[in-house]
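Me: Hello! I am new to this structure and would like to go through it with you, one question at a time. Could you show it first?

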Amino acid sequence: MTAKPRVLFLCTHNAARSQMAEGIMRHLGHGAVDVYSAGTEPSHVHPLAVKAVRRLLGVDIGNQRSKHLNEFVGQRFDYVITVCDRAREACPVFPGDPERIHWSFDDPAAVQGSEDERYRAFRTIAAELSTRIRQLLVIIERNAKPATA
């Protein structure tokens with residue numbers, strides 16, 4: 001039997017990028033990974049993030065909530081993934097020396113324009129996150145070590 005890997009996604013507002021990543025990994029990981037998200041300045045889950053993930057994968061992230069990274073300080077994670085540059089700079093040290101990964105994504109909430117243009121920005125980020133998360137799940141599976149009995 002192996003322990004479930006723990007993954008934490010961090011961004012500034014925990015409203016779009018990290019929320020989408022949490023929901024996508026939870027869906028694609030099929031329960032094999034414990035996944036969380038948080039922000040340095042949490043706000044609320046952006047409605048276009050909910051719409052993008054629902055349309056891309058049929059996954060509802062509407063019940064997720066924005067969390068401050070302080071809720072997770074002191075917890076152990078196997079992977080801490082920052083999805084914006086500001087969160088990378090503010091990322092605290094977590095116990096157990098987790099693997100730190102940085103994926104620099106533009107904030108889709110900062111896109112100006114029509115509703116369709118703004119939605120396309122969220123959809124693009126959701127698709128890119130999905131691709132990277134699929135790759136990461138392969139790596140996590142490969143690196144999984146059996147728990148000692």
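Me: Which residue's side chain makes a polar contact with the side chain of Ser 18?
Reply: Happy to start there, and please keep in mind that this is a predicted model. Ser 18 sits in helix 1, which covers residues 17-29. The partner of its side chain, at 2.8 Å, is the side chain of Asn 14.

Me: Is Ser 18 buried or exposed?
Reply: Look at what surrounds it: leaving aside residues up to four places away in sequence, Ser 18 touches Phe 9, Leu 10, Cys 11, Ser 37, Ala 38 and Val 83. Its relative accessibility is 0%. Buried means under 20%, so Ser 18 counts as buried.

Me: Cys 11 is one of those neighbours. How many disulfides does the structure hold?
Reply: A disulfide needs two cysteine sulfur atoms within 2.5 Å. The cysteine sulfur closest to that of Cys 11 belongs to Cys 84, and at 5.3 Å it is too far for a bond. Both residues are buried, Cys 11 with a relative accessible area of 2% and Cys 84 with 4%. The number of disulfides is zero.

Me: Which residues are linked with Glu 22 in a network of salt bridges?
Reply: Glu 22 is buried at 5% relative accessibility, whereas Arg 26 is partly exposed at 38%. These two are four residues apart in helix 1, which means about one helical turn separates them, and their closest N and O atoms are 2.8 Å apart. Together with Glu 22, the network links Arg 26 and Lys 67.

Me: And what is the N to O distance in the salt bridge of Arg 65 and Glu 71?
Reply: Arg 65 is partly exposed, with 46% relative accessibility, and Glu 71 is partly exposed at 38%. A salt bridge calls for a distance within 4 Å. For the side chains of Arg 65 and Glu 71, the N to O distance is 3.0 Å.

Note on methods. Residues are numbered from 1 along each chain as its sequence is written. This is a predicted model: local features need pLDDT of at least 70, side-chain atom pairs count only at pLDDT 80 or more; totals for chains, interfaces and linings use all residues. Side-chain values use heavy atoms; hydrogens and water are left out. Buried means under 20% relative accessible area, exposed over 50%, partly exposed in between (1.4 Å probe, protein chains only). A polar contact is a pair of N or O atoms within 3.5 Å; within protein, one must be able to donate a hydrogen and the other to accept it, and residues adjacent in sequence count only if both atoms are side-chain atoms. Contact means heavy atoms within 4.5 Å.
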